[in-house]
Amino acid sequence: MRVGVITFPGTLDDRDAARAVVVGGAEAVSLWHGDADLKNVDAVILPGGFSYGDYLRCGAISRFAPVMQLVIEAANKGMPVLGICNGFQVLCESHLLPGALTRNSDLHFLCRDQEIEITNNQTAWTGSFELGEQIVIPLKNGEGSFQCDDQTLAMLEGEGRVIARYVGENPNGSRNLIAGITNAKGNVVGLMPHPEHAINELTGPSAQGLGFFTSILNAMVK
Amino acid sequence: MAKIVVDVMLKPEILDPQGNAVASALPRLGFSFAKSVRQGKRFEIEIDGEPTPAQLAEVEKAAEVLLSNPVIENYVVRVEK
């Protein structure tokens, strides 16, 4: 199984994401933002970083990259897509996911190990987790506060589309402690904290992030 | 040459931590006038000649698609003399 990892100018976490894909058991395929070619991948990861320098708004310019037009088309047809951190921002700007990520409520860039609870294990990217499982993975961003209108929030909650919530104190002002959401089909997932930095206890707070990368394998095998 | 200005502001219901930080800095400097502060973005677009209705419609579209995020922001397009 081939999982594409997109590199935009300013992307930081593409190598860690590719490594996590390999450790998870799939083949990692590098994709370049300027190429209108998905290289026959079965799934795509939009990694973290500061694509296009976060100019204008985080993810606002990346959304119009040539490769994103193919990702949007494929995602609408059901291809699994995971956006982590800046990738989540790109997915919201692309309207593949509702809502928006805004400046952390205390204005600080946060970098810490964060406990989150998996609240939906029926998506392409969360199937390896138990419902209610609590994991610790890094959270590092300046604009991670998930915001949407009341109607959208009620829809996300009503349809069980919140896939992960922060445990304990709200780190960034996200509505309803939302750390990640999915689309109606469950193939597109956006997540603020970084599972790709937590696949090995030597270099991360845990190896619990790996579940996102094994989930996609299991989802494709089904 | 004319200048088209696009003002982009966070919607009233969206938390504006930057505006709040400015609001709390003002009294520290002795400025006591502000009840609240909201911070936004301003785009100044120069064009040749006077803008036609078609051009203004294009700017409106660009404001909706790129310059603002309609999920969290409102925009206003105007021509500056």
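What follows is a short exchange about a sheet, a residue and a chain contact.

Biologist: What should I know before reading numbers off it?
Modeller: This is a predicted model, in which local features need pLDDT of at least 70, side-chain atom pairs count only at pLDDT 80 or more, and totals for chains, interfaces and linings use all residues. Residues are numbered from 1 along each chain as its sequence is written, while chains are lettered from A and ligands numbered from 1 in the order in which they are written.

Biologist: What is the strand order in the open sheet of chain A?
Modeller: The order is β2-β1-β3-β4-β11-β10-β9-β6-β7, nine strands with mixed pairing. Strands (E, at least two residues) and helices (H or I, at least four) are DSSP runs numbered from the N terminus, and two strands pair if DSSP finds at least two bridges between them.

Biologist: Which are the edge strands?
Modeller: β2 (27-32) and β7 (134-141) of chain A, each pairing on one side only.

Biologist: How do β1 and β2 of chain A run, parallel or antiparallel?
Modeller: Parallel, with six bridges joining them. A:Arg2 stands opposite A:Glu27 of β2(A).

Biologist: And what does helix α1 of chain A touch?
Modeller: Helix α1 (residues 14-24) packs on the sheet and touches β1, β2, β3 (43-46) and β4 (81-84) of chain A. Contact here is C-beta atoms, placed from the backbone, within 7 Å. The direction of α1 makes about 175° with that of β1(A); axes are lines fitted to C-alpha atoms, for helices over the stretch in contact, and angles run from 0 to 180 degrees between N-to-C directions.

Biologist: Other end of the sheet: what does β6 of chain A pair with?
Modeller: β6 (residues 110-118) pairs with β7(A) in the antiparallel sense over eight bridges, and three bridges join β6(A) to β9 (residues 162-166), also antiparallel. A:Ile116 stands opposite A:Ile135 in β7(A) and has A:Tyr166 as its bridge partner in β9(A).

Biologist: Which residues does B:Ile72 touch?
Modeller: Not counting residues up to four places away in sequence, A:Ala100, A:Thr102, A:Gln147, B:Leu10, B:Lys11 and B:Ile14.

Biologist: How many residues does the contact take from each chain?
Modeller: 12 from chain A and nine from chain B.

Methods. Contact = placed C-beta atoms within 7 Å.
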